[in-house]
Amino acid sequence: MKQIATRGQARVVTSAFRVAIIDNGDRRVRIFDSEGNLPRGELRTTSRTDVVIISSNRLVIIDDDRVRILDPFGSTLNDAIRTSGRADIASATDKIFIVDDTAVRMFDHFGVSRGRTFSTSGRAETVTNITAIAIHDPGRVRIYNHLRDVDAGTVATRGDVALATSIDRIAILDGQDEPIAGLIARNDSPTTLGNVTTLLASISAGAAVSYSWDFGDGTTGTGETVTHIYAAAGLYTATVTASNSINSATATTIVTVIPFALEDDARFIAQVVPSRMRPGETATVSITMENTGTSTWTAGTDYMLGSENPQDNTLWTGSARIMLTPFDAIEPGEHKTFTFEITAPTVPGRYNFQWRMLQEANPDREREQKWFGSFTANAIIIVAAAPGVPPWEDDAFDSLRRGSLHGQNGWRRAARNRASAVVKPAPAGGNLLVVNPRSGTTIVMGKNVADQASGRHLFSFHVRVSAATTPSIAKIEMQTPRNLGWDKKFQIYFGDSMRLNYGRDGRAVVFLAPTEMGRWYSVECLMNLDTGIVDIRLDGIPVATGIPMHPGPISSIALSGWDRPGSVKLDDLLGTRIE
């Protein structure tokens with residue numbers, strides 16, 4: 001074994017019969033045979049040098065701006081080939097490909113130019129096999145048959161590209177963008193004013209995607225996940241647009257920015273309340289509230305739950321207050337579940353059940369009574385003597401398809417030339433029914449119900465009238481078979497007043513005048529089919545009693561609306577036997 005001195009650390013390249021020692025310390029390349037003998041001295045270089053051995057009898061010396069091809073003895077076979085920048089080398093059979101910053105050129109093993117020069121946009125990536133070379137620069141791959149000196153085609157590409165080769169094939173792996181699908185926008189609100197809101201976008205499919213945000217307050221941002229501080233409390237619709245070279249998509253998310261935390265504030269969480277009870281029956285209910293303020297709720301500081309709708313009513317417990325225990329200390333962010341017994345009213349009907357937090361007045365501490373936070377959801381409890389009997393009419397509309405009521409839940413237009421009422425979204429969620437015919441049309445609709453011939457029954461609903469200037473813009477009616485002389489048991493008309501018609505000769509009782517426009521009313525019709533009498537309650541208060549109904553069983557219900565100024569909205573239609 002021979003020792004060969006170098007100046008600094010050298011690099012070694014070997015083949016079956018030759019060893020090239022690259023000594024960049026004194027800028028030279030020395031070529032030895034396998035025994036360490038120096039057949040042809042040394043070759044000087046002008047910069048950091050690379051050596052590529054492309055076969056048993058050819059070496060390529062690469063400097064910063066030139067390429068030289070040598071035989072196994074170190075003899076230069078051609079003039080130096082000048083390059084634009086340090087070249088890369090590829091080879092196949094008897095060809096050498098020199099790749100620099102502007103072109104790909106082909107030479108034989110003697111350094112003689114063969115074939116064309118391929119100009120490139122920047123430095124190209126190349127692969128070769130025994131017959132062809134593939135040249136990839138931005139936006140295309142060109143394939144050239146170097147044996148027959150012909151082009152084999154150009155392939156347009158998009159995105160990242162990988163080239164692979166076998167003996168007689170070249171594969172192009174095109175990183176083409178994938179269409180965007182399933183874009184979803186989310187955020188972590190509610191956020192207290194002044195704090196950071198984080199917004200996130202996600203997709204189920206897509207590649208090379210960029211995201212831009214419109215935060216809904218006149219400002220924008222970019223990125224899959226972004227943060228933003230809103231300058232004012234309120235609701236904001238943030239919109240994200242995801243795009244790539246193929247398509248784009250948008251999605252929205254509602255951001256809730258709440259004011260600075262109040263000293264006293266509460267949020268309704270959940271409740272367990274029966275929907276039907278017998279008169280005088282007792283039941284256990286529970287209501288859960290969250291402390292979203294900064295104070296701590298204790299019995300000693302007079303925090304409690306108070307009845308609402310109407311405020312301070314004693315309908316269910318005999319008291320308008322549900323107290324905290326002496327051991328309760330509900331810190332900000334904690335929940336309190338009030339569990340207590342209620343007793344149903346003795347009069348059958350439809351009753352509200354709603355509550356809210358308050359801090360009671362304390363004269364010793366010069367503190368006034370203060371109600372605060374959100375109301376519990378208003379629960380409607382039906383008090384009836386026959387709770388096991390299903391209702392014969394039940395239209396809350398929430399489960400219905402929005403649009404025409406015709407054909408849904410038994411409702412049908414009276415004739416083809418009659419219009420339909422329309423199911424629309426309610427502002428607080430769910431659906432309601434709008435009776436507001438288009439110009440030149442009339443709404444007439446009905447539905448059959450299971451015949452009710454005896455007993456006491458409750459028919460109730462919520463109604464809201466807007467912009468009415470006449471007494472009659474819509475009506476709802478109980479119907480009976482026509483063979484009894486009149487097919488109505490009674491009719492309730494809505495407009496700038498509300499009245500009950502109970503005879504075919506127009507006999508009527510006005511039970512509300514004037515109607516407050518835009519206000520929701522609760523109407524209850526208590527019908528005794530054994531005596532033929534109906535009583536009307538408005539918001540739980542009797543307003544018309546002892547009204548005679550037309551004879552006959554309840555067989556259907558109907559509603560109508562006329563092309564007159566104003567509109568009527570209905571919700572929560574319920575008909576049920578109560579005794």
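Residues are numbered from 1 along each chain as its sequence is written, and side-chain values use heavy atoms, with hydrogens and water left out. Because the model is predicted, local features need pLDDT of at least 70 and side-chain atom pairs count only at pLDDT 80 or more, whereas totals for chains, interfaces and linings use all residues.

A nonpolar core is taken as a set of buried Ala, Val, Leu, Ile, Met, Phe, Trp, Tyr and Cys residues joined through side-chain atoms within 4.5 Å. Buried means under 20% relative accessible area, exposed over 50%, and partly exposed in between (1.4 Å probe, protein chains only). The largest such core contains 47 residues, and F461, V463, I492 and F494 have the most contacts inside it. With neighbours within four places in sequence left aside, I492 is in contact (heavy atoms within 4.5 Å) with residues including F461, I476, L500, F511 and V523.

Strands are DSSP runs (E, at least two residues), numbered from the N terminus. The S189 to P190 peptide bond is cis, with omega near 15 degrees; P190 lies in the loop between β19 (184-187) and β20 (191-192). A cis bond also joins A513 and P514, with omega about -5 degrees, and P514 is in the loop between β46 (508-512) and β47 (520-528).

D302, not a glycine, has a positive phi of about 70 degrees and is located between β29 (282-291) and β30 (303-308), in a loop. At 18% relative accessibility, D302 counts as buried. For D312, phi is positive, near 70 degrees; D312 is partly exposed, at 33%.

Conventions. Helix = DSSP H or I, 4+ residues; strand = E, 2+ residues; numbered from the N terminus.
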